[in-house]
Structures are given as C-alpha cells and as structure tokens.
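Please keep the sequence and the structure in view while reading.

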Amino acid sequence: MPYLSGKETVKEIRRALSNPNIQSDPLRYRNTVLKVIRAMSQGVDVSDLFSEMVKACATVDVVQKKLVYIFLCSYAHLNPELSLLVVNTLRKDCLDPNPMVRSLALRSMTNLRLPSLVEYVEQPLTAGLRDRAACVRRVAVLGWAKLHNLQPGSEIDATVVNELYSLLRDPDPVVMVNCLRALEEILKEEGGVVINKPITHHLLNRLKECDIWGQSEVLRVLQRYRPQSEDELFDILSLLDSSLVSPHPPVMAATLCLFLSLCSSLPAVSQAALERVRGPLLAACGSGSREMRFTALCHIQLLLCSVPGLLGEHYKRFFCSYAEPAYIKRRKMQVLVELVNDENVVMILDELKGYCTDVNTDTAQAAISAIGRIGRSYSDKCLEILTGLLGLKQDQITSAVVQTICDLVWVCPQCSDAVSLALEGCEDVLQDSQGKQALLWLLGMYGERVSSAPYTLETFIDGVRSETSLEMKMELLTSTMKLFLCRPAETQDMLGRLLHYCIEEERDMCVRGQALLYYRLLHCGIEETRNVLQGRTSDPSMGVLIGRPTEPINQWVSSFNTLEPLKHCSVETESASRGSPEHLVSIPKPNTHLPDQLDCRQLEIVNSGSDYANQRFHCSAGLMSPGTEPRITLSLSPSVSPEEFQRLWMQRQALHSEQVLTESAEGDNCMWIEETIKCTAIPHCSPQSLHAAMQLVNIQTLAFTPSHALPWKVFLYTHTLHVDTSCRTLVLGELLYTGEETQNRSADGEVKEQMEADGDKEIKVTLRQHPQDVRALRAFLSVLSTVLHTLSSEMAKIL
C-alpha cells in the first residue's frame, strides 16, 4: 500500500473492512485486521475503526480473534458504550470447546478495564476457576486480581477467597503461583496471604516444579512464616538447601534472603549459608547480562559488610575487562578495595594502577580514588603509585591524584613528608577548579615543607582577577594566610596584595567578608591569628584506626534482593575498614580466641587500679555500692553512625587532672567518667574476637586499632534500658592503652622502669552517658569489665 497520512490510512482500512468481497475471503479479512494492528503499533490513531473491529471478532479464526482482542483492549476505555457489544461474544467464547479460546476470552474480558462490565465478568471468572484446562484456571485466578483493582473499595466474596486458597494445591504449579499473586493483591489491606505451617510445607515441597520467577515469588511470600520449633526450622532449611546453590541468580538471592531471615538467631548457620552462595555469586558476576553483573556486584558489597573475607581468595574475578561499561568497572573497583589484604595488596594495586590511565575519565578517577582508600592501610605502597602518576603530567590524572592525596593526608598525617616532596610543579598541569582547590589546601597545610609554595601561591594571586570560581578565591585566601604564619618574609607582600584586591575590588560579598575577617584578625596580633587558623589538622593516633567493624547481618537483610543495594554502596560512603588487613583475612572462624560463654551477670565494679581509686570513683560519681542489682539490659538499637559518634564525642570538655567526673557542654544531664581496668593481654586480642565478644553482650564497636599497635584504641557504644522503668540512656566509650612505661621511685631515689609487657596492662576507660543514669552506667561498666577480663584470661592461655 502506498504511503498515506494517518487519516487517509484509517479511511483506506475502513473501506477494506466494510468491503463484502474482503469479508467473504477469510485470509484477506485477517490480513486487513493485521494492517489495523500494524498501524496501531506505528502510533496511528485507529480508534475510529472500533465498530468495524467489533464486527470482526465474530469469527472462528483464532488468530483473527487474538488480533481483534488486542485492538479492543487498547481502545475500550475510549468507547465504553460500544464495548458492551463485545461482551456477548466474549461470554460465548468462554464456553468454547477450545481451551485456548476460553482463556483468550477470559483474559480479554478482564483487560477491557471497564467498571461497567464487572457484573458480566464475575460469572465467567468463577466458572474459570473450576475449568478442567490449566491455562483457563491460570487466567481466571489473575482475572480476580484485575477485577479487584477495578473496584478497590469493594470486597470480594469470601467464597472466591476460599476458592483461591484451595487452588494453592492445584496440580499445575503456575496456577499455584498465580493464586499467591492474586491473594497478595486482594488481601493487601489485611497483610497479604496468610502463611501457616501446612501451606508453608506444601509450597516448599512443590518449589522445584515452579519456574524461576515462580520460585522467587514463593520464596518471597514464605519470609512471613516463622517456624514454631527448632526442628521445624531445620526441616525448612533442609528443603531450601538445594535452592541455595541454584544456578539462577533470582532463585539463589530469594533463597538466601529467606535463609538469613529464618536464621537471624543462628549466626553460625547464617555464616554457613553465606559461604555456600560464593559460587553462584561469582557466576552471576560473570553473567553475559550487564544488568545481572551490576546487580550481583551491588549485593556482594552488602555481604562483604558482614563477612569481609568471604571472597578474598577470588579477588581476580573482580578484575575489569576492557569491554565492560564504566559503571561495572567502578563497582568492581569498590569490591577490590574491600578484598585487600597483606597477600594480595600488591596484585590489586598493580591492577588498579593500570586503570588509572583508562581512556574513560570516570574510570581513571575511580581507580585513583580506590588506591587512595587502600592507602589508609598501606600508605607507603599507595603513595608510591600516586606520586608516580603525577609524573605523567596529564591534567585529569593530576587533578584526581591531588584530590586523593588531600583526603589521604587528613586520615594518615604520617604521609605528609612524602606528599610535600611530590607537590612541586603540579600547578603547571592542573586546569580544573577542584584540583586547584586541593593543591591550595595542601600548600596551606604543609607549605613550610614545600620550597616553591610561595611562588605557586603568587601565581594564583596574580591571576585572581580573572578567576571566576568563588571557592577558589576563598581557598586561596585561607591558604595564603596559613602560609604567611609559617613563612612571613616570603608571603607578606603577596598577602597584602590579595587582601587589598578582595576588600577593595572584589564584588562577591562572601570573599570580601572573609578577607575583612582575616584583615581584622591580623590587627589582633600574629599569635591570635595563629590560634584561630592553625588548629589541630588530624589526630595521629587515629591514623592506625581501621574503621567500623563488620555489620550484623540483620542490618541489611531486609534490603537484600531488592533495588535498595543498587542505590547505595556508594564509593563516597565506604568506611576505612574496607581494605584493612585486620578485617580482610580468610573466612573468619567463629570463636577463634573466644570462650563458649561469657558470664556477664555479675554487676560489681572490677578493681580499678587501687582501692583508693575505687573509693574515689564511687564517691565522686555517686555510684551505688554493690548491693542491689539494677535490672538493666543493653541494646544496639537505635544504631549510632560514626559521624554521630564523633559529633557527640567531640563535645567533651577538657578533663582536669584532679577530677574524675566532669560535665559536658550539654549540662547536668550528661556525664563523663574515666576509669582504669587492669587486663593481661587485651591489646593483643584480634579485632574479630573483640568485636564478637562485645556483640554477645550488645556492645557495638565502631572503630579499633590493629592488635599490637600503639596507642591501642577502641571506640564503642550501647544503649542501657531499665527493665522496670523503660528509661533509656546512650553510652559512648573509649578504651585506650598507650603502652607507656610506668616509673616508680625507690627509697634511695633511683628510678626503676617497670615494663607492663609481662604483667597487667592498664586499660583506660572513658565513658560518656546521656542522659545521666548512675545505676545504668555502673551496670554497663561491670559488663564491660567482665568481657575484658574474660577475653584477657583466654588470651593469656593462648600466649
């Protein structure tokens, strides 16, 4: 047919449909109907042909019926009156001897989506539930769900609901799964389909008969059921065992999610389940579908939050191939950072180094950032790679490296000397604003060690008139002021010129206001200026912290096998614990240095160095003498993020040497205490054992240093809850062992150094409680002391 406009095409087809010669020839008539569908798929409005197509549905040709029903379902909402003419034909087709025609008619009746036709549809759907053909029952079951969506406010007859429940035992597995979906939709306001023990075991026994998506649907619904006994739980787990290693990722993911939800109180079983899914997960990461690979990588990141060493031996499976898209490469690099340990760090760094020169800018920057995150634990190796990349003299690479170094020296200040030597000449290569800002910050912080720092800043100051970035100007002001404090003779003239321009000529009020602040600050004196601008840049003792420990499985199990992992697991929010050699060992074995049970029932204060210290602690803090035992429990909910912990912890005022109890900035409703606990070998305890021991008594460790490192620190928190009054408090804590030598003076005046290596170690405990609750704090300190002493005795046996 020649090309015609839309209206002309419709007129031509209408004439053909009304032509008696064509109507008398079934093949030509079918081809004309096919032209209608083809025009509809091309975007032509063929709604004017509705009446002609209604006539065309009265045929014995199944193919023509399908074509006509597609048209009617698409345009029925535009012609509700004419749609009534189709109902009789559809109801007649529902009684056709051919089950294909019956199912087609039922599907079309429900797809018309007209509330006025509901009364005509109910009787055929009810009959379809009892039809002898499985294909008709499949359509009828889903038809009731569609009918419910047409009238959401109305209640479906209880007889129909009972009929759907009985069809859960239908011999056809597709009918069974469709019943689950329909009941979920119909009973949504009541919480969905009710899952009891007989239904659960019936669905599990027939799980293998379903297709992939049917199995996923059944496993998702079964997450509501809770076994009534431990024997029943293990029976269910046995039935799920084969699905756990299914080659189909949707089935494997749904089974693992159900497994973890059922075994929330059995960490050993959950650990074994995570180990079993390594093979299917790795297979999904090599899938030919890019979407499947990306989804598998996102879910692997969730698993590594709780089991960091789960895939440590298979790190090469996450090396990037050249043809992979950038978003998959970035996710693989994130996983590689989490899999770093002492054995594979060289191989992973060599691989990441190759990505740093990738033709894709985003991939290159992600690789440089990944090297920087590994540098928090392996600073020497990573700094060597980063400084080597600066020698390439490429704008984008140099900018990414300078920004990464800027973040690295903040966490690891011991790297500042090597960084200062590498900054020479970077200003000639940098072109983008973010890279220049990072360079200016480094020159301001470590300019006294960079010989060319004043000349570099002078270049920026000379070009400040043409600078358009507000952030650049403000960073330049701050960096020049800091450099002036350490190298005044070389910087005084350029600082004066910069302040004059920013105060007299700059139009932006933010820049002008900051320049006036610095100008007036200089009038107050150099020492006052130094006190304001040169604060503590970082805590050197924090450089060895390896970040937050492994997360409990129940924190992420609800989001597993959903779209949530695809939105999270961002590069920017990763903690420093990923890539730490202390966390990323081979698959952790439970209770490595841990006793089977920890007796934490006693609520008495362990000896804190001396009787006088104990007496002073009880008197000044107002703690009760151990007579009555407060009914107090510890809880990890609600969780405290590392950022929130740091904000609360930094509110602490300076403790005076003669005080044990001080008040925080929040007033009398918050209290701080310091105490000393003597333990034999706690600083030599592995982080895994310490974290596991604390978890047994509901104490969360947020950050801790590697064993044998000095100073040895642990940051922790918990919530105390009075059983009788439901009063809740938040307790933040720090354990500190400095390893310093204790000096005692003998009677004749000689100083004798006593090393603590072979004796008890004094662990300094600093606690912050809000709101103040003396009984709860005493109970928490007793539990903490019990855990530390139990671990210490076990470690002493091993050592």
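## Phe318 and the nonpolar cores

Leaving aside residues up to four places away in sequence, Phe318 touches Leu282, Cys285, Leu297, Ile300, Leu311, Lys332, Val335, Leu336 and Leu339, where a contact means heavy atoms within 4.5 Å. Phe318 also belongs to the largest nonpolar core, which has 192 residues, and is one of the five members, with Val46, Phe71, Ile374 and Leu442, that touch the most other members. Helix H15 (residues 249-262) contributes the most to this core, with ten residues. Apart from it lies another core, of 29 residues, including Met694, Val697, Phe704 and Tyr737. A nonpolar core here is a set of buried Ala, Val, Leu, Ile, Met, Phe, Trp, Tyr and Cys residues joined through side-chain atoms within 4.5 Å.

## Basis of the model and overall make-up

This is a predicted model, in which local features need pLDDT of at least 70 and side-chain atom pairs count only at pLDDT 80 or more, while totals for chains, interfaces and linings use all residues. Residues are numbered from 1 along each chain as its sequence is written, and side-chain values use heavy atoms, with hydrogens and water left out.

The protein chain contains 35 helices and nine strands, these being DSSP runs (H or I, at least four residues, for helices; E, at least two, for strands) numbered from the N terminus. Of its 799 residues, 52% count as buried, meaning under 20% relative accessible area with a 1.4 Å probe and protein chains only, whereas exposed means over 50% and partly exposed lies in between. Among contacts in the protein chain between residues at least 6 apart in sequence, 69% join residues at least 24 apart.

## Helix H7

Helix H7 (residues 99-111) has 13 residues and spans 18 Å from its first C-alpha to its last, close to the 18 Å expected at 1.5 Å a residue, the expected span being 1.5 Å times one less than the number of residues. Its buried residues, among them Val101, Leu104, Leu106 and Met109, pack against helix H5 (62-75), helix H6 (80-93), helix H8 (118-129) and helix H9 (134-150).

At the start of H7, a side-chain oxygen of Asn98 comes to within 3.0 Å of the backbone nitrogen of Met100. Just after H7, Arg113 adopts a positive phi of about 55 degrees.

## Tyr322 in its loop

Tyr322 lies in the loop between helix H18 (290-306) and helix H19 (326-338). Tyr322 counts as exposed because its relative accessibility is 71%. The C-alpha atoms of Tyr322 and Asp358, 36 residues apart along the chain, are separated by 9.3 Å.

Technical notes: A polar contact is a pair of N or O atoms within 3.5 Å; within protein, one must be able to donate a hydrogen and the other to accept it, and residues adjacent in sequence count only if both atoms are side-chain atoms.
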